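Here is a short tour of the model shown below. Have the viewer open as you read along.

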Amino acid sequence: METSSTQQQRDEDVVRRRYCKRSIQKMKLKKRDSGYRENDSSQKPESEEIPPVPQQLLNLIRMKAFREKLKTAPEMELHDPQHCRSCQVKQAELARDDFIRRKTTQLLSPLLEEKIQSHFLNRNSICLIGEVLRDLPRPSDDPGLVWKALKAREVELTQQTDSS
Ligand SMILES: [Zn+2]
């Protein structure tokens, strides 16, 4: 590979040098010609005077470009995030987001626990109030029965204070 590459380079150099030499010679000729007919604008150098780029050189350059492409192709496919700047930036961003998310959860969980506890406490108080209200007489109750219940409660309480 190395030897064929240097051989290729040499071939390319030879062709390029030959091409440049020919171009310079033609340009010198053109300059000399135009020196004779300086004021004659109609006598412009014809396009055929410009030497065409040799096909051999074009082929060599095409081959070289193709080989360069082949060389870089595996590098592009074997993308290494450890050595890629944009990947590292993205990883750092994701790590930071994850850290913030975890910390937020950590900080919020005691608050959430507190909320749940207070919710249960409130619920219990409401239940107690409900129980108290259930035992109270209603306006629709028979007043005689209400009085009876109150008297009975009074007797119950008196008995409790006497025994203690
Ligand atoms: Zn990357």
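A residue counts as buried if 20 or more other C-beta atoms lie within 10 Å of its own, exposed if 12 or fewer, and partly exposed in between, with C-beta atoms placed from the backbone. Across the 164 residues of the protein chain, buried residues make up 0%.

This is a predicted model, in which local features need pLDDT of at least 70 and side-chain atom pairs count only at pLDDT 80 or more, while totals for chains, interfaces and linings use all residues. Residues are numbered from 1 along each chain as its sequence is written.

## Span and bend of H3

From its first C-alpha to its last, H3 reaches 75 Å, close to the 75 Å expected at 1.5 Å a residue (1.5 Å times one less than the number of residues). At Leu-108, H3 bends by about 30 degrees, and Pro-110 follows within four residues. The bend is the angle between axes fitted to the seven residues ending at a residue and the seven starting there.

## The whole chain

The protein chain has four helices and zero strands; these are DSSP runs, numbered from the N terminus (helices: H or I, at least four residues; strands: E, at least two).

Mean pLDDT, the predictor's confidence in each residue from 0 to 100, is 81 for the protein chain. Confidence is lowest in helix H1 (residues 2-36), at a mean of 79, and highest in helix H3 (residues 85-135), at 90.
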